[in-house]
Amino acid sequence: MSQTDIDERIRAVLSEFKLLSPFAAGYPVNQSFDYSELYPLLAFSANNVGDPFRHSRYQSNTHETEREVVLAMAKLARLPAEEAWGYVTSGGTEGNMYGIYVGREMLGDPVAYFSEDTHYSVRKILHVLNVRNFMIRSLDNGEIDYDDLRESIRSNSQAPALVIANIGTTMKGAVDDLDRIRAIIDETAPPRAYIHADAALSGMILPFVDDPQPFGFDSGIDSFAVSGHKLIGSPLPCGVVLTRKAYTARIGRAIEYVGVLDTTLSGSRSAFAPMIIWYGLTRHGADGFRQVVANMLDTAEYAVRQFNANGIPAWRAENSPIVVFPRPSPYVLFQWQLAPLGDIAHLITMPHVTREIIDEVVADCLEWPPVK
Ligand SMILES: *Cc1c(COP(=O)(O)O)cnc(C)c1O
């Protein structure tokens, strides 16, 4: 391939990205970032293989930064530093897999419970990990149906219970009520219980609002997965998983037993991702994120009002930037890269989604009504 061909391919991809990104209103990715200060690091073959809290023989790593990221995230998730363990993952899915894996190891042979509105990764993970499971109905607002959860745990009351709680569902932004889930566990009294919180997006929202729903380790969760490329914003997928340090001894042994050498799921891991998350957290600071989140929720409220004022029944969950409305025409879905599910769709007011964009989406919905 000639240099011209190479240049052309790179330019073609670049122009596609540039063209598409301002219209992306349907996916929860923050595109307002600039990590160019980190680019020089990309000239090295760095690798975070291994447990970030232990010594690694591969020295070009960013384990120290990774530990800082884990502890910063632990603070946000209300897990005291001395009780915290975790690592930077390849994204929310790996975090869910790790949390559910820890849960399985802690519980023995559990039954897992998750709602219909749970992210698709969870079903796949339960299959891969060979965990018996029940899908629980959802309420219309996207939260788990607590009565159905109680009945299901009760009818399996001999088995330890592994509950996967949504801290912000993908489609409706619903937060499962951890207080109610804990009360149901107390009431049904399975032999042991473990709660994994899937907090892919809202794990970086709820720490920064005035009146959050219960979401953290202070509400009885045992592990927590958050995506890095969603609210923080990242050019490559990444995330953080947290659990209690006390559980990791168990995991070390379990992994040794199956012949795997370390406490993380993947062996070689990105040394760049921790730098991105660290940079994002440090640059914004808590006040910065508070502002970003306040603006997002403000724009979401504006969107609900504009839709409603134009006769479109839109709504959103408390503290959520996800605006749910009736599925629009294929043109509107495509034009704004909206995510549909059955007869609904959503848009998400990430920082690049402005009030002007909302006005345009609403205008397009009116001009191109759904085909009946
Ligand atoms: C996006 C998302 C995930 C998966 O995260 P990835 O980073 O795409 O693997 C898991 N759970 C929820 C609720 C999500 O919204």
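Which residues is Arg269 in contact with, leaving aside its neighbours within four places in sequence? Contact here means heavy atoms within 4.5 Å, and on that basis the partners of Arg269 are Asn47, Asn48, Val49, Gly50, Pro52, His63, Glu66, Tyr87, Val88 and Thr264. The structure is a predicted model, in which local features need pLDDT of at least 70 and side-chain atom pairs count only at pLDDT 80 or more, while totals for chains, interfaces and linings use all residues. Residues are numbered from 1 along each chain as its sequence is written, and side-chain values use heavy atoms, with hydrogens and water left out.

**Figure 1. Overall view of the chain.** The chain contains 11 helices and 10 strands, where helices (H or I, at least four residues) and strands (E, at least two) are DSSP runs numbered from the N terminus. The radius of gyration, taken over C-alpha atoms, is compared with a globule rule of 2.2 Å times the number of residues to the power 0.38; a compact globule of 372 residues would have a value near 21 Å, and the chain, at 21 Å, agrees with this. The C-alpha trace spans about 60 × 55 × 40 Å along its principal axes. Of the contacts in the chain with a separation of 6 or more, 70% are between residues 24 or more positions apart. Of the 372 residues, 53% count as buried, a class that means under 20% relative accessible area, with exposed meaning over 50% and partly exposed in between (1.4 Å probe, protein chains only).

**Figure 2. Surroundings of Arg269.** Arg269 sits in the loop between helix 8 (248-257) and helix 9 (272-309), and it counts as buried because its relative accessibility is 6%. Its contacts include Tyr87 and Val88, as well as His63 and Glu66.

**Figure 3. Arg67 in helix 2.** Arg67 belongs to helix 2 (residues 63-76), and its relative accessibility of 30% is why Arg67 counts as partly exposed. Apart from neighbours within four places in sequence, Arg67 is in contact with Pro52 and Phe53. The C-alpha atoms of Arg67 and Val88, which are 21 residues apart along the chain, are separated by 8.8 Å.

**Figure 4. Strand 7 and its two partner strands.** Two strands are taken to pair if DSSP finds at least two bridges between them. Strand 1 (residues 84-89) is joined to strand 7 by six bridges and the two run antiparallel, with Val88 standing opposite Val240 of strand 7. Strand 6 (residues 223-227) is likewise antiparallel to strand 7, to which five bridges join it, and the bridge partner of Ser223 in strand 7 is Thr243. Strand 7 (residues 239-244) is mostly covered, with five of its six residues buried. In a regular strand the side chains alternate between the two faces of the sheet.

**Figure 5. Strands 8 and 10.** Strand 8 (residues 322-326) runs antiparallel to strand 10 (residues 344-348), and five bridges join the two. Phe325 has Ala345 as its bridge partner in strand 10. Four of the five residues of strand 8 are buried, and the strand is described as mostly covered.

Figure 6. Pro313 is placed in the loop between helix 9 and strand 8, and it counts as exposed because its relative accessibility is 55%. When residues up to four places away in sequence are not counted, Pro313 touches Asn308, Val324, Phe325 and Pro326.

**Figure 7. Two loop residues with positive phi.** Asn130 has a positive phi of about 55° although it is not a glycine, and this residue is found in the loop between helix 4 (120-128) and strand 3 (132-136). A relative accessibility of 67% is why Asn130 counts as exposed. For Gln337, also a residue other than glycine, phi is positive and near 50°. Gln337 has its place in the loop between helix 10 (330-335) and strand 9 (339-341), and with a relative accessible area of 25% Gln337 is partly exposed.
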